[in-house]
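Here is a short briefing for a reader meeting this chain for the first time. Start with the picture, then take the points by topic.

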Amino acid sequence: MAQTNRQIHLVSRPTQGPELSNFGMVETPLPAPADGEVLLQTLYLSLDPYMRARMYEGANYAANTPLNAPMVGTTISKVIESRNDDYAVGDHVQTHSGWQEFSVSDGKDLTKIAESIEPKTLALGALGLPGHTAYGALLRVGRPKKGETLLVSAASGAVGSVATQIGRIMGLNVVGIVGGEDKCRYIID
């Protein structure tokens, strides 16, 4: 097993769009779990639109990512060492450990991913933040009725593609806006 933990840190705030120079790779000692904790190995990282807003300084709907710390983000991780009775080696979990290869958790911030869910990346997409956003926006806020028309901007995006599918299942007339022919074919097919 690796003896170091590679992390991608936000080292400066973007002035326009994020650039490679805003990030740096840092190696830290491999963390060790204490009693009640688990050691996680990151398998997949999210790359979501909200992360861009958190890179900037100033008022935001969520806390800004601190400089010289791992970039925030949701991950799919695997338990590789456990000192917590609720988690076994080999369990897959969703957590918010950010952009790093390994992390330690006390289990309170973990969501187990059922063995039956394949691929595990669904927990970052349709069963993760984008799926929850689409579901909540439609069913809790919009509350459309069968036969109504649903207009979805960015219909080929992570949230939009789930919203269009939910709309079709609900019997809505779904109209999607996309950014070109390739995206149009993707969303229709």
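Two strands count as paired if DSSP finds at least two bridges between them. By that rule, an open sheet of 3 strands has the order β2-β1-β4, with antiparallel pairing. In this sheet β2 (23-29) and β4 (69-70) stand at the edges, each with a single partner strand, so one side of each has no neighbour in the sheet. The model is predicted.

**Confidence**

- The mean pLDDT of the chain is 91.
- A pLDDT of 70 or more is reached by 99% of the residues.
- Confidence is highest in strand β5 (residues 75-82), with a mean of 97.
- It is lowest in helix α1 (residues 49-55), with a mean of 83.

**Overall make-up**

- The chain has 4 helices and 10 strands.
- Read along the sequence, these elements follow the pattern β-β-β-α-β-β-β-β-β-α-β-α-β-α.
- The C-alpha trace spans about 55 × 45 × 30 Å along its principal axes.
- Of the 189 residues in the chain, 36% are buried.
- Take the contacts with a separation of 6 or more: residues 24 or more positions apart account for 61% of them.

**Surface and charge**

- The accessible surface of the chain comes to about 11,200 Å².
- Carbon and sulfur atoms hold 54% of that surface.
- The chain carries 16 positive and 19 negative charges.
- The mean positions of the positive and negative charges lie 9 Å apart.

- Strand β1 (residues 4-10) is joined to β4 by 2 bridges.
- These two strands, β1 and β4, run antiparallel.
- Leu10 stands opposite Ala69 in β4.

**The sheet of 5 strands**

- A further open sheet has 5 strands, in the order β7-β3-β5-β6-β8.
- Its pairing is antiparallel.
- The edge strands are β7 (102-105) and β8 (111-112), and each pairs on one side only.
- Strand β3 (residues 38-45) is joined to β5 by 7 bridges, and the two run antiparallel.
- Gln41 has Lys78, in β5, as its bridge partner.

**The parallel pair**

- Strand β9 (residues 149-152) and strand β10 (residues 173-176) are joined by 4 bridges and run parallel.
- Val152 stands opposite Gly176 in β10.

**A closer look at Ser161**

- Ser161 is found in helix α3 (residues 158-169).
- Is Ser161 buried or exposed? Its relative accessible area is 12%. Buried means under 20%, so Ser161 counts as buried.
- Leaving out residues up to four places away in sequence, Ser161 touches Ala154, Ala155, Ser156 and Ile187.
- The C-alpha atoms of Ser161 and Ala126 are separated by 8.9 Å. Along the chain, these two residues are 35 residues apart.

Key: Residues numbered from 1 in each chain as written. Predicted model: local features only at pLDDT ≥ 70, side-chain atom pairs only at ≥ 80, totals over all residues. Heavy atoms only, no water. pLDDT = per-residue confidence, 0-100. Buried < 20%, exposed > 50% of the residue type's maximum accessible area, 1.4 Å probe, protein only. Contact = heavy atoms within 4.5 Å. Areas by Shrake-Rupley, 256 points an atom, 1.4 Å probe, with all protein chains shown as cover. Lys, Arg positive; Asp, Glu negative; His and termini not counted. Charge placed at Lys NZ, Arg CZ, Asp CG, Glu CD.
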